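Biologist: I would like to learn how to read a model like this one. Could you walk me through some features, one at a time?

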Number of protein chains: 2
Amino acid sequence: MDRLDAIFAPETIAVIGVSTQKGKVGHDIFANILSGGYTGTLYPVNPNAKSVSSVKCYASITAIPDPIDLAMIILPPKAALHAVEDCIAKGVKGMVIVSAGFKEVGGEGAKIEKEIKALCETAKIRLVGPNCLGVINPSPKVSLNASFSARMPAPGNVSFISQSGALCTAVLDYAADKGFGFSKFISIGNKADVDELDLLRYYYNDPDTDVVMIYMEELSRGAEEFISEVREMTSGTNPTHVIAIKSGSSTAGAKAAASHTGALAGSDALYDAIFTMSGILRCVSVNQLFDYAQAFAANKYPTGDKIAIITNAGGPGIIATDMSEQSGLKLAQFSEETIKELKKYLPPTANFYNPVDVIGDAAKDRYENTLATVLGDRSVDAVLIILTPQSMTDAIGTAEAIVNIARNTLKPIVCAFMGVVDVSDGVKLLQKHKIPVYQFPESAARSLGALREGMKWASRKILPQFNLTYDTATAKKIIDQYLKEGRMVLGELDGNKILQCYGFNTLPMELSKNKTEACKIADQMGYPVVMKIVSPDILHKTDAGGVMVGLEDSKGVEQAFETIMEKAKAYNPDAHIEGILIQKLAPKGKEVILGLSKDPVFGHAVMFGLGGIFVEVYKDVAFRLSPMGRNVARRMVKSVKGYPILKGLRGEKASDIETLEKHIVSLKAMADNHPMIKELDINPLFVHEEGEGATVADILIQLEN
Amino acid sequence: MDRLDAIFAPETIAVIGVSTQKGKVGHDIFANILSGGYTGTLYPVNPNAKSVSSVKCYASITAIPDPIDLAMIILPPKAALHAVEDCIAKGVKGMVIVSAGFKEVGGEGAKIEKEIKALCETAKIRLVGPNCLGVINPSPKVSLNASFSARMPAPGNVSFISQSGALCTAVLDYAADKGFGFSKFISIGNKADVDELDLLRYYYNDPDTDVVMIYMEELSRGAEEFISEVREMTSGTNPTHVIAIKSGSSTAGAKAAASHTGALAGSDALYDAIFTMSGILRCVSVNQLFDYAQAFAANKYPTGDKIAIITNAGGPGIIATDMSEQSGLKLAQFSEETIKELKKYLPPTANFYNPVDVIGDAAKDRYENTLATVLGDRSVDAVLIILTPQSMTDAIGTAEAIVNIARNTLKPIVCAFMGVVDVSDGVKLLQKHKIPVYQFPESAARSLGALREGMKWASRKILPQFNLTYDTATAKKIIDQYLKEGRMVLGELDGNKILQCYGFNTLPMELSKNKTEACKIADQMGYPVVMKIVSPDILHKTDAGGVMVGLEDSKGVEQAFETIMEKAKAYNPDAHIEGILIQKLAPKGKEVILGLSKDPVFGHAVMFGLGGIFVEVYKDVAFRLSPMGRNVARRMVKSVKGYPILKGLRGEKASDIETLEKHIVSLKAMADNHPMIKELDINPLFVHEEGEGATVADILIQLEN
């Protein structure tokens, strides 16, 4: 028995801190379990009451004569701590602490939460909460509503994980209105023990769960473990699809999240990375979360991106076409046979091409024939059906026909039954048979696009990893020397040496102390050259006027030496200047940026983007965390909007993308091998034509102890 | 009396083509007017029936003994044409043709529609349709439901215009479910006569209409007239706010729209221009359309972008914060007095800073006190209230408190009452009192952002126009000469001359026929120079290898001459080559693109974007139509994502944006003065530093007859 079974399907429950007073959480949770028809046995614990809702009360959990699977604790922090000790003594298998006043308020509350967490770890008891709504399992085998929401949802194949308790009540209410069913429903609050990954593991193995919805405020465990496991769950032939909404995406939102949960909120770009790498679809609103969940819950996936649209009204058909295209889908081109067949059943004024317009006076039969016909077309991977209520419209009959046909096809069918009252019977029938149905065609099209995206992810091609070796020892020696001397910034010379250890191609360069040296070096190196100030006190060389490019002869070098020195002194009169670096001009290539930054929560992230203004104005960058590998690097490079620039525009040759991918993998390896690297910026890296590699043109590394 | 009054508020109506058979449109429309409680007098017309729904039938409209304001015609095209003739003879003031089979099917139907249109024009009778749902006016003074939807909406201050009839029934159904009221509701179908602008004019003068919702498939009249009038309606201190959804935004969608309405669908970018220039907020879904309409219908607008959020749950507060920031709003920073006041009423565990968390166990009083307090803070321009249903939550009480406080403030208040069943009483009360209320905080925040955007538009600063003069005569002479000779492509030499007539700064240039000439010209001009092939058969010079940049001396020019000639001949062996243009290298500046293109529906559009890859990969361009002017040009330049590049990044000096604005205005003037310009591309234009102007580096003009 998985230890989380004690929480989702306990045979006995003790409610500790039960209250006889209606409206109090301690009363309502007990009453909700009772009225929810829980199939196990329920024991209220309250030393000051004889009975609650006619059920005999016990003075303490240890006074209960039978073994207890799950303890629900509704008590303030200090009392909760004692109750936890009692529960451990009693030998319970799982606990849910509903009450608030712990980590989220800091101080004493946070301290007690830590103690409770430690006690549970030692006793190997799983704990949900504190500061949560509770647990719901609508399966008739269990029928458990251990929550302070009076509403028990219908059973279904979607499970829900929410960090926010308050959102749960609203979601349950919304779900009830939509006839939406759940497999398991849990609010995890402060996540002292059980968190999203624990639950995803459980849900992945749960035969009753096909789809997981998550409302996340922050991920409090290591991202690598989370990503490594979740990307397996969301892949393959029998994936568990995970869709999530993550709040705190804006700067102000992240601040609000931090004050709310008392947890460090990582940068939103890193959450994008975590979701993308895990194969989790990120939603922007609760509505979208439900829209997608409904689509995935039907368990049918398009094997291609071609859809057919059937409608009884032109306008909504156009809206659906628009949104389909925006969602990465295309309209299928029907075969001649399909069109011939459609002409048999549809009136001459109908549109036989995609989107098929069965015309406003269509009753059930036209929908039925058209649906069967387009499903039979090999070029059609999925069907979107639009029904608008008009005089002859038969919403219930059409729904019946759809249900019958859907039974015999693996191709997904989604519907938009527009309206509320006029079509409600049809909508209910579709919902009952798990045919996704939406109020408007744009939601239906977008959800179909999400299905396709999920399918593409699950069946993505996995390439063998690169076989790369590094000179870790040399790199370590350089870094250790810096740390020993208390120097935290590596300039270009040493930065380049480290990059060379990791397979990067750097430019010949040498430090000059004066004009004469500069000219001598440049003459030997060959023109044109680049000159850059070297000073531990000037990090942003360009801003200080400390960089000059494309010097063609020794006269130019001489003048440039003077200019750079003057500007550097003007920029920072106290700067210690080591000299000026003479560097060979980089061969041509596409300018990209590669970088590393260390997030206090998630560790090192690799950054990649097109260089210059693309990063600065268009924010066209991507981040990735561990686990890094060839596939992650490839998807990362492809994910930026400027990717076509690397592929080559207007007959231009493609850039060496494979080398870029290798460099991304190597950078992450460098971060893993030398965790004292706080920040690294290769800006720019020139990526040459295919097969020609890439050249580092500038590097800055910052260390930390 | 406005002639549209006959359609929205007739005193007498004849229904021509009425049917005694239930389910037929001719029956249902009549029955709907009757059961809708129409306050005027209704006359059914059918030569074959004695009465319909107990009302005496007339054999023809001319047989009716009383004058008729509005004729509703439900007849196939040929019969409809005869009915129209009868109506004109009878002297009706307005007509609605509901039936389909006209322009949208082409052939005979399209011909008859044209005839009917001409008849109405001559008789000065306004016509709605054909191919439409009808007209609804829920005002108790009229109570007219002349549509084939059985549902009469509640009265309200939002009017609706739909090109699609089918969408109307769904929208009415949806509105009924949301308790949403309408002032006027009309479906305009093929728009043979009455179209969006006619209705906007009517609604603008209608004291019962504050907000207009439009569902548009295409705009069939001139954009200039539309924009000029609508931007006035949406501006000033008493604007009519217009929100619209336009289908056909994707390529496939536009194709579907064309086949559906038989109309030419202009490019979607031009619709963006039309909406932006008119001050119409464009929505992406019907849900959003309703969300925004609800917010605008409350008639309160934020005078700044600072909002306060009040919530009884942390998670939704974060979601609202996120979406507010994404919608262009900021969280207000409360004054010390506000925080002191909040601490009086709220428990110590509450969050007194924005977003204010009144904590899960908040009843009505905490919401009431908090709302009153934050509204009193001068830094707060609007308030967003979130209520999640929890044990102590008093949805109806809180709603009452909000309604009472809202009466005494001009600051907008929007609510998110999360859930459906648990909060429905409160939601209904808010809706009754026109307080915008949403199911989820993201919709509330987005709608508040839309309110702010509408307010900013209505009160935008209008700058005086530029005073520019052009040498139209010289430009005309050049163009006429080309047209006379049947030449349709102007090269750089003549293109530059035309640009000069319109105040553009061009580069010295001269055509060379051979190497010797080339060197001589370059020597006189001064180095560096650019060389470009000149051939009427080579339009895309760069693709043909016909451009070389930055030649430093005569030797370089000589070599370049040979190279360009060779490549041009390889590119197109049959090309007639006039020579090679020697041009002075343009002084430095930011690379932008300016262009003109002629849309078959909307005429000339000006295009502006950042040059090079920004246009090609990031599609960072904007289009504008007539009426062009300084304000339009300014907003156009600001609208591209790359605008910060022109403003100057990292302490860089700003570019000469005013010159750019003048050039945009001048280009449009050029298009107006010389409509035979089919396409014009200035690519690139180098915009120099502020006050330094801009220089054309390349120009191509195509003409048409």
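Biologist: Which residues of α5(A) are buried?

Modeller: This is a predicted model, and in it the buried residues of α5(A) are Gly165(A), Ala166(A), Leu167(A), Cys168(A), Thr169(A), Ala170(A), Val171(A), Leu172(A), Asp173(A) and Ala175(A). Buried here means that 20 or more other C-beta atoms lie within 10 Å of the residue's own. With 10 of its 14 residues buried, α5(A) is mostly covered.

Biologist: What do the buried residues of α5(A) pack against?

Modeller: Within chain A, they pack against β11 (158-162), β12 (181-182), β13 (185-187), β14 (211-216) and α10. From chain B, α11 (314-326) joins in.

Biologist: How do I check the helix geometry, and what follows α5(A)?

Modeller: Look at the span from end to end. The 14 residues of α5(A) reach 20 Å from the first C-alpha to the last, close to the 20 Å expected at 1.5 Å a residue. After the helix comes Gly179(A), with a positive phi near 65°.

Biologist: Let's turn to the two chains. How many residues are in contact between chain A and chain B?

Modeller: A general remark to begin with: the size of an interface is often given as the accessible area lost when the parts come together. Here we can count residues instead: 71 of chain A are in contact with 72 of chain B. Several helices of chain A each supply at least two residues to that side, among them α2 (25-35), α5 (165-178) and α8 (251-261). The largest share, 10 residues, comes from α11(A). By type, the side of chain A that touches chain B divides into 31 nonpolar, 28 polar and 12 charged residues.

Biologist: And which rotation superposes chain A on chain B?

Modeller: One of 180°, with 0.0 Å of shift along its axis and an RMSD of 0.1 Å. That is the relation of a two-fold axis. Since 100% of the interface residues of chain A are also interface residues in chain B, the copies meet through the same surface.

Biologist: Last one: how should I read a helix pair?

Modeller: Two packed helices are described by the angle between their axes and the distance between the axes. Take α7 (residues 223-233) and α9 (residues 268-278) of chain B: their axes come within 8 Å and cross at roughly 30°. Angles under 35 degrees count as roughly parallel, so α7(B) is roughly parallel to α9(B). Ala223(B), Phe226(B), Ile227(B), Val230(B) and Arg231(B) of α7(B) meet Ile274(B), Met277(B) and Ser278(B) of α9(B). This contact has 6 nonpolar residues, 1 polar and 1 charged.

Notes
Residues are numbered from 1 along each chain as its sequence is written. Chains are lettered from A and ligands numbered from 1 in the order in which they are written. This is a predicted model: local features need pLDDT of at least 70, side-chain atom pairs count only at pLDDT 80 or more; totals for chains, interfaces and linings use all residues. Copies are superposed by least squares on the C-alpha atoms of residues with pLDDT of at least 70 in both. Two residues are in contact if their C-beta atoms, placed from the backbone, lie within 7 Å. Helices (H or I, at least four residues) and strands (E, at least two) are DSSP runs, numbered from the N terminus. Ala, Val, Leu, Ile, Met, Phe, Trp, Tyr, Cys and Pro count as nonpolar, Asp, Glu, Lys and Arg as charged, and the others, Gly among them, as polar. The expected span of a helix is 1.5 Å times one less than its number of residues. A residue is buried if 20 or more other C-beta atoms lie within 10 Å of its own, exposed if 12 or fewer, and partly exposed in between; C-beta atoms are placed from the backbone. Axes are lines fitted to C-alpha atoms, for helices over the stretch in contact, and angles run from 0 to 180 degrees between N-to-C directions. Angles under 35 degrees count as roughly parallel, over 145 as roughly antiparallel, 65 to 115 as roughly perpendicular and the rest as oblique.
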